[in-house]
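Subject: Structure handover

Dear colleague,

I am passing on the structure below, followed by notes on what was found in it. Please read the notes alongside the coordinates.

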Amino acid sequence: MTSPHGDSPPHEPADVVVRCRDNPSVGVRFRDRFRDDQDSARYTVEAWAPGLTARVDEVVAWFTDPDLAPFLESLAADYRGWRGERRWRTDNRDLAVSAVFRSGGHVGLTWTLRPWRNAAGGWGASVTTWLEAGEQMSALAAGIRHFLTASPGCRG
């Protein structure tokens, strides 16, 4: 499930929050998006669960490559389900998402944060959120698309 966080300035997209439908104390937040140029945006991803809080700053979304929004849109389009696991990740592997479908029309999204700057001896953290395959996945995909592409929010 997604919900905007209304504390962003009017010219900035609202945060996108994904909460697990089975356990609302597990979630992921996309925040602090900015654009240095027309080809990319940078943002922060936070993940939490009981006993876990993780954050990766300056995750990069390249608009010339397949990004998170089209991946989530493809999952929402397949609301009747699929076999196996589908995966997506950023070029530098700061953020990876794997998706599985379970009976009853639910999608499990495992969000893995692993900052590349700390790759040698660094850390990684994962949380899994479960969403309804249709409406909740569609809302998440639309929220992420708006978050990543809303204009302008440029700095620099």
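α1 passes α2 in a left-handed crossing, a term that applies if the near helix is turned anticlockwise from the far one by less than a right angle, right-handed being the clockwise case. This is a predicted model, in which local features need pLDDT of at least 70 and side-chain atom pairs count only at pLDDT 80 or more, while totals for chains, interfaces and linings use all residues. Residues are numbered from 1 along each chain as its sequence is written, and side-chain values use heavy atoms, with hydrogens and water left out.

Helix α1 (residues 68-77) and helix α2 (residues 135-149) pack at an angle of about 165 degrees, with their axes 8 Å apart; axes are lines fitted to C-alpha atoms, for helices over the stretch in contact, and angles run from 0 to 180 degrees between N-to-C directions. Helices (H or I, at least four residues) and strands (E, at least two) are DSSP runs, numbered from the N terminus. The two helices, α1 and α2, are therefore roughly antiparallel to each other, the term used for angles over 145 degrees. Among the residues of α1 that meet α2 are Leu68, Leu72 and Leu75, and the α2 side includes Met137, Ile144 and Arg145, where contact means heavy atoms within 4.5 Å.

Turning to the sheet, four strands form an open arrangement in the order β6-β7-β8-β9, with antiparallel pairing, and two strands pair if DSSP finds at least two bridges between them. β6 (85-89) and β9 (125-132) stand at the edges with a single partner strand each, so one side of each is left without a neighbour in the sheet. From one strand to the next, the twist averages 20 degrees. Strands β7 (residues 95-102) and β8 (residues 106-113) run antiparallel and are joined by eight bridges, and Ala96 stands opposite Thr112 in β8. Helix α1 packs on the sheet and touches β6, β7 and β8, whereas α2 packs on the sheet and touches β8 and β9.

Best regards

Technical notes. Angles under 35 degrees count as roughly parallel, over 145 as roughly antiparallel, 65 to 115 as roughly perpendicular and the rest as oblique.
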